[in-house]
Amino acid sequence: MNHPRPKVRLSRALGIPLTRKCVRYFERRPYPPGVHGRNRRKTSDYQVRLLEKQRLRHQYNVSEAQLRRTFDEAVRGAGKTGESLVALLERRLDAVVLRAGLARSIYQARQLVGHGHFTVDGRKVDRPSYRLRPGQVVAVRERSRALPPFQLAATGAHADDRPRPYLSVELTGLRATLLREPARHEVPVICDEQLVVEFYSR
């Protein structure tokens, strides 16, 4: 999913920094882009819910169709729909690669997966949307380990300050295991998922 708009501009439109690099630019101009960015006001409930949906979509770098399909699956599952939606998105292969610290952003994670640099339980997987099950192991392919992005990842350059408790990560070995289903409070996504549910349920 390639978004041609500059990430900083997109971050300002959504009200959240989408990458670490965006943070300093976002802090300098924390208002929407454009001539009237400072004076815009939320005018409707629909606008508020649409913004939350877009925030969730862009944090996982998925298309509208992918998000809608995932929402429909969350509705059919047990538990709260919003929490199930976030858990399903968090189990995507590109999201796990990002949380494990094997990529610096969701955009790089998607690209690296798409180029076939990862295996799941020893088999090459090049679909970023591949959904992991608890117990499955993600690893960088042997032939890819010498590449600069993975050499950098092995030093912990992209690792979060707080490790995700649903992942077991071995950065030096460039591998991660999904231990269990992620709980909503453990997922570092800025979004009110209940508003997303209300957007799709209208």
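How many bridges join strand S3 to strand S5, and in which sense do the two strands run? In this predicted model, S3 (residues 137-140) and S5 (residues 175-178) are antiparallel and joined by three bridges. S5 also pairs with strand S4 (residues 167-170), again in the antiparallel sense, over four bridges.

| Pairing | Sense | Bridges | A bridge pair |
|---|---|---|---|
| S3 with S5 | antiparallel | three | Val138 and Ala176 |
| S4 with S5 | antiparallel | four | Glu170 and Arg175 |

S4 and S5 form a hairpin, with four residues between the strands. Leu174 lies in the turn and has a positive phi of about 50°.

Val97 and Phe118 are among the residues with the most contacts inside the largest nonpolar core, together with Leu56, Tyr60 and Leu93. That core has 50 residues. In soluble globular proteins, nonpolar side chains tend to be buried together.

Helix H5 (residues 81-90) and helix H9 (residues 193-201) pack at an angle of about 105°, and their axes are 8 Å apart. The two helices are therefore roughly perpendicular to each other. H5 contributes Thr81, Gly82, Glu83, Leu85 and Val86 to the contact, and H9 contributes Glu193, Val196 and Val197. By class, the contact residues of H5 and H9 are four nonpolar, two polar and two charged.

Note on methods
Residues numbered from 1 in each chain as written. Predicted model: local features only at pLDDT ≥ 70, side-chain atom pairs only at ≥ 80, totals over all residues. Heavy atoms only, no water. Core = buried A, V, L, I, M, F, W, Y, C linked by side-chain atoms within 4.5 Å. Buried < 20%, exposed > 50% of the residue type's maximum accessible area, 1.4 Å probe, protein only. Axes fitted to C-alpha atoms, helices over the stretch in contact; angles between N-to-C directions. Parallel < 35°, antiparallel > 145°, perpendicular 65-115°, else oblique. Contact = heavy atoms within 4.5 Å. Nonpolar A, V, L, I, M, F, W, Y, C, P; charged D, E, K, R; others polar. Pairing = 2+ DSSP bridges.
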